[in-house]
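Please consider the structure shown below. The paragraphs that follow examine some of its ligands and the residues around them.

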Amino acid sequence: MIKRLTLIIVLTFILASPAVALNIFYPADGTYVVHSDFLIIKAGDGVDGLTLDIGGDKSDLLDISSAEYKAAFADFLIVQPNWDAGKNTVKVEAYKGGKKTSEAQAEFFFQDNIADPPPSDYKRFIMHKPEQEVFCTGCHNMNPTPVQLETVGAENPCASCHKRMLEHKNVHGPAGAWQCVYCHDAKSSPVRYAPRKKDAKLCAECHEDIVGRFGAAKRVHGPVEVGMCSVCHDSHASDNLSQILRKANELCLSCHEGVDKTIHVISGFSGGTHPLDGVEDPSTGGNLTCVSCHDPHVGEARYYFRDGITSRMLLCQRCHKK
Ligand code: HEC
Ligand code: HEC
Ligand code: HEC
Ligand code: HEC
Ligand code: HEC
Ligand code: HEC
Ligand code: HEC
Ligand code: HEC
């Protein structure tokens, strides 16, 4: 009886104050992440200062000891980093009264580009499982009610951590309206908020017309054919039109490396090639890019020329009138 009681007390204690030690929470050691958004450190009890060493660049001592700081963030430090694409190393030292008391190190991978995946020994960082969320419950609402999940704006329970995701020029309709759980299943387990369906099926629920058009086309571009809308589009927000992950040419070249370094379309007398960027597209008045000639999704002939154009010559005439 007594034994069982102690056990319960110990368990409660562990749940109430997980890990007292210095902990590089995010990005955790051995994981990979797809955003350079935050570095989240739990400093441990009684720590009053930290130094950060990011890729050999060491900070001064960051003071986290003020009463105001402790009241708001306790022993958490959250900063916005600027990761290098690929492998990164962060070293943290914790200080009490000017003395170093502990240190920690994390090595992780920042996947900046879909075409540059991490080596297989890095595991995707996962936030929303019970053993992780317990660290945050004290200050953030980690168990929102269905009514709270419907709130639009800063009061939405996802906003306290994710509001920066939407701070871009072009915000996707449902994300801007904080309908996060329309696409993310609030009840999925063990990892919460898994996308409810595979991309194309999810997108088709609201973009029936366009996904239907893809299905009816003669030729479908590889990544669209396999329903991977998210390799090109951010479902939340981006600085680019149509919420594409990066500028059109960079996006295309991330899979079609070298197209801009070879002769494309024409070989002139001077040995030059057709411009692919940096000039005006006379058919739209915007910047000429890969998608001035190619449709990113589908086509009626090989090479997916825009607007269902079926031949090279008809394509040229789109911009070069006789
Ligand atoms: C001691 C209280 C406390 C704890 C515990 C805590 N946070 Fe926070 N966190 C805050 C406060 C206060 C803010 C600022 C809220 C705001 O701006 O609305 C914040 C903001 C954030 C932000 C947004 C930062 C930004 O500027 O956009 C993220 C991300 C975040 N917390 C993640 C976490 C995670 C993950 C955990 C658990 C591992 C956690 N926090 C635990 C207090 C805490
Ligand atoms: C305590 C802060 C916090 C709150 C509150 C929060 N998240 Fe997160 N979430 C994070 C962090 C940190 C990550 C990892 C970084 C990233 O992927 O952006 C993350 C990752 C995710 C992921 C990627 C998968 C995963 O588990 O890593 C999804 C999806 C997600 N959050 C959805 C939501 C939704 C939906 C809500 C509101 C119901 C929410 N989050 C509330 C901090 C938070
Ligand atoms: C239109 C559907 C949709 C909506 C609405 C949506 N998401 Fe997502 N979200 C996705 C999909 C799909 C993925 C997976 C992307 C991938 O596989 O690369 C994702 C991934 C994420 C991730 C992981 C990081 C990343 O960028 O891949 C986070 C964090 C996240 N969502 C948070 C949110 C939050 C917070 C909201 C509400 C503001 C939200 N999502 C609204 C579809 C959506
Ligand atoms: C819950 C409904 C909903 C879902 C699901 C949804 N969208 Fe949207 N989407 C909208 C709304 C609303 C708009 C804004 C209205 C508009 O501009 O067409 C929009 C706009 C867009 C745009 C910009 C259109 C333009 O003309 O530039 C793109 C691109 C887009 N969505 C892609 C996607 C992708 C990819 C998915 C799947 C990952 C998806 N959407 C899932 C509702 C949705
Ligand atoms: C290979 C990259 C790529 C993939 C994969 C992709 N898109 Fe796009 N998408 C783009 C680009 C680039 C644009 C902008 C086109 C432009 O500016 O002419 C765009 C534009 C859009 C638009 C707005 C313009 C329009 O045509 O109505 C919607 C909606 C859209 N995509 C939905 C989807 C959906 C749904 C999927 C998955 C079935 C998908 N996309 C897959 C690159 C892609
Ligand atoms: C995620 C990787 C990926 C991205 C991003 C991507 N593509 Fe592709 N693309 C492929 C694959 C795989 C194929 C081969 C299957 C096929 O023919 O569709 C392909 C084929 C093509 C072809 C036909 C090649 C041939 O020899 O018939 C063209 C043209 C093309 N892509 C243009 C583009 C353009 C323009 C963009 C940017 C809007 C783009 N791609 C972005 C993966 C990608
Ligand atoms: C001025 C129109 C035009 C522009 C701009 C353009 N293409 Fe093409 N592309 C073509 C034509 C035409 C073909 C068919 C092959 C040929 O006739 O040379 C083609 C063929 C391709 C192919 C298949 C053959 C090959 O070279 O691998 C790919 C992949 C491709 N383009 C990708 C791109 C990418 C990526 C961009 C942007 C960096 C781009 N294209 C910009 C017109 C264009
Ligand atoms: C989307 C519009 C567009 C399409 C389609 C297009 N072009 Fe062009 N082309 C341009 C622009 C813009 C220039 C640059 C004009 C300038 O610098 O004044 C150009 C330049 C050229 C040049 C001169 C290159 C140089 O600098 O020496 C040739 C030759 C040419 N295009 C041939 C073609 C051929 C052949 C096709 C069809 C396979 C084609 N173009 C399709 C827009 C286009």
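A residue is near a molecule if one of its heavy atoms lies within 4 Å of it. This is a predicted model, in which local features need pLDDT of at least 70 and side-chain atom pairs count only at pLDDT 80 or more, while totals for chains, interfaces and linings use all residues. Residues are numbered from 1 along each chain as its sequence is written, chains are lettered from A and ligands numbered from 1 in the order in which they are written, and side-chain values use heavy atoms, with hydrogens and water left out.

Ligand 2 is surrounded by 18 residues, the closest being Met127, His128, Cys158, Cys161 and His162. By class, this shell holds twelve nonpolar, five polar and one charged residues; Ala, Val, Leu, Ile, Met, Phe, Trp, Tyr, Cys and Pro count as nonpolar, Asp, Glu, Lys and Arg as charged, and the others, Gly among them, as polar. Helix H5 (residues 159–162) gives the largest share, three residues; helices (H or I, at least four residues) and strands (E, at least two) are DSSP runs, numbered from the N terminus.

Which residues supply the protein donors of the iron atom of ligand 2? They are His128 (NE2) and His162 (NE2), lying 2.0 Å from the iron; donors are N, O and S atoms within 2.8 Å of the metal (3.2 Å for Na, K and Ca), and water is not among the atoms, so sites may look incomplete. The pair links distant parts of the chain, 34 residues apart: His128 is in the loop between strand S10 (123–124) and H3, and His162 is in helix H5.

The iron atom of ligand 1, by contrast, has a single donor from the protein, His140 (NE2), 2.1 Å away. His140 is placed in the loop between helix H3 (130–133) and helix H4 (146–149).

Around ligand 6 there are 17 residues, and the closest are His221, Cys252, Cys255, His256 and Tyr304. A polar side-chain atom of Tyr304 lies 2.5 Å from an oxygen atom of ligand 6. Helix H10 (222–225) and helix H11 (248–255) are the elements that give two or more residues to this shell, and H11 provides the largest share, three residues. The shell comprises twelve nonpolar, four polar and one charged residues.

Notes
Polar contact = N/O pair within 3.5 Å; in protein donor to acceptor, adjacent residues only side chain to side chain.
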